[in-house]
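Subject: Structure handover

Dear colleague,

Here is the structure I said I would pass on. My notes on what was found in it follow below.

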Amino acid sequence: MSVLLSDTALLFGRYARQSLRSKFQMLFGALMPLLYLVFFGPLLTGLPLGSQGDSWQVLVPGLLLQLGLFGALFAGFSVILEQQSGVLERMRATPVSRLALLLGRVLRDAALFVLQAVLVVLAATVLGLRAPLGGILIGFAFVGVLTIALASLSYSVALKVSRPQDFGPLINGLSMPSMLLSGLMLPMTLAPGWLDVLSHFMPFRYLVDAMRAGYVGDYAGTAMLYGVLVSAALVAVAVTVGTRVFRKAGA
C-alpha cells in the first residue's frame with residue numbers, strides 16, 4: 001500500500017506540474033461554463049423551472065457537472081499522445097504500480113476540474129448565486145468523483161482505440177446524449193413524461209439532482225442518497241475497469 005501511495009503521489013506531481021505549466025489550459029476549461037453563466041443564466045431568471053431554489057441554484061450545479069463530464073471524457077487524448085510519443089513505452093520499463101499510473105492521472109484531472117469549478121462558483125456568486133456553503137462543498141465533491149470515474153473510463157477507451165480520429169467521434173457520441181438526458185441545463189421534470197422516465201436510466205441524472213438538492217440545503221433527502229450511491233458505484237466500476245485495462249496494456 002505504501003508503494004502504491006508513493007507511486008501515485010509521484011505521478012500526480014508529474015502531471016500536476018504539466019498542468020501548472022499550461023495556465024491557458026487551466027483557465028480555458030472554465031470558459032464554456034462561464035459563457036453559459038453570463039449569456040444563458042439571465043434568461044432563466046424568474047422562470048418556473050419545476051425545481052427547488054432559484055434559477056442559479058438550478059443552473060450552476062448542472063454547469064459544474066458539465067465541466068467534469070466533458071473535461072474528463074476527453075482526458076484520454078493525453079494517453080494517445082503519450083502512446084505516439086513513446087512515453088508509455090518507457091513507463092513499461094519501470095516498476096511503477098499500474099494502478100498508480102491510472103490514479104496519478106485521474107487525481108490530477110479531479111484536482112484540475114475542481115479548481116475550475118471553484119472559479120465558476122465564484123463567478124456565479126457575483127451574478128447572483130446564493131447557496132449554503134455545505135451544498136457548494138458537496139458539489140465540488142461530486143465534480144471530483146465524476147471526474148475520477150469518467151477519466152478512468154476515458155483512459156481505458158484511449159488505450160483500446162489508440163487513434164485520435166477514432167477516439168474523438170466515439171467520445172462525442174457518448175457525451176452529447178449523456179448531457180441531454182441528465183438534465184444538466186434544465187431539470188428533467190420539465191420534460192415530457194417519456195423523456196423523464198428515460199432519463200432515470202442515465203446515472204448522471206442522480207448526481208445532478210443530488211447537487212441541486214445540496215444547493216438548497218437538502219442534505220438528507222432521497223436525491224442526495226441516490227446521488228451518493230450512484231457516484232460511489234460509478235467510481236468503483238470505472239477504476240476497476242481502468243486498472244484492468246492498464247495492466248493488460250502493460251502501461
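Buried here means under 20% relative accessible area, exposed means over 50%, and partly exposed lies in between. Keep in mind that this is a predicted model.

Aromatic cluster

Phenylalanine 167 has a relative accessibility of 0%, so it counts as buried. Four aromatic pairs were counted in the structure. One of them joins phenylalanine 74 and phenylalanine 77, whose rings are stacked, 6.1 Å centre to centre with 10° between the planes. Both of these residues are partly exposed: phenylalanine 74 because its relative accessibility is 25%, and phenylalanine 77 because its value is 27%. Phenylalanine 77 also pairs with phenylalanine 167; the ring centres are 4.8 Å apart and the planes stand at 80°, so this pair is edge-to-face. Since phenylalanine 77 belongs to helix α6 (residues 77-85) and phenylalanine 167 to helix α10 (residues 164-182), the pair ties together parts that are 90 residues apart in sequence. Through these ring pairs, Phe74, Phe77 and Phe167 are linked into a cluster.

Serine 154

Serine 154 sits in helix α9 (residues 133-161). Its relative accessible area is 1%, and since buried means under 20%, serine 154 is buried.

Cavity

What is the volume of the largest cavity? The space in it comes to about 50 Å³, and the structure holds one cavity of 30 Å³ or more. The lining consists of Leu65, Leu69, Leu146, Ser182, Leu184, Phe204, Leu207 and Val208. By class, seven of the lining residues are nonpolar, one is polar and none is charged. Helices α5 (55-73) and α12 (204-215) each supply at least two residues of the lining, with the largest share, three residues, coming from α12.

Helix α8

Helix α8 (residues 98-127) has 30 residues, so at 1.5 Å a residue it should span 44 Å; the end C-alpha atoms are 44 Å apart, which agrees. Just after α8 comes glycine 128, with a positive phi of about 140°.

Best regards

Conventions
Residues numbered from 1 in each chain as written. Predicted model: local features only at pLDDT ≥ 70, side-chain atom pairs only at ≥ 80, totals over all residues. Heavy atoms only, no water. Helix = DSSP H or I, 4+ residues; strand = E, 2+ residues; numbered from the N terminus. Buried < 20%, exposed > 50% of the residue type's maximum accessible area, 1.4 Å probe, protein only. 1 Å grid on protein atoms, 1.4 Å probe; cavity = no way out; pocket = protein on both sides within 12 Å on 5 of 7 lines; lining within 4 Å. Points joined across faces, edges and corners; volume = space filled by probe spheres on them. Nonpolar A, V, L, I, M, F, W, Y, C, P; charged D, E, K, R; others polar. Expected span 1.5 Å × (residues − 1). Phe/Tyr/Trp six-rings, centres within 6.5 Å; stacked < 30°, edge-to-face > 60°.
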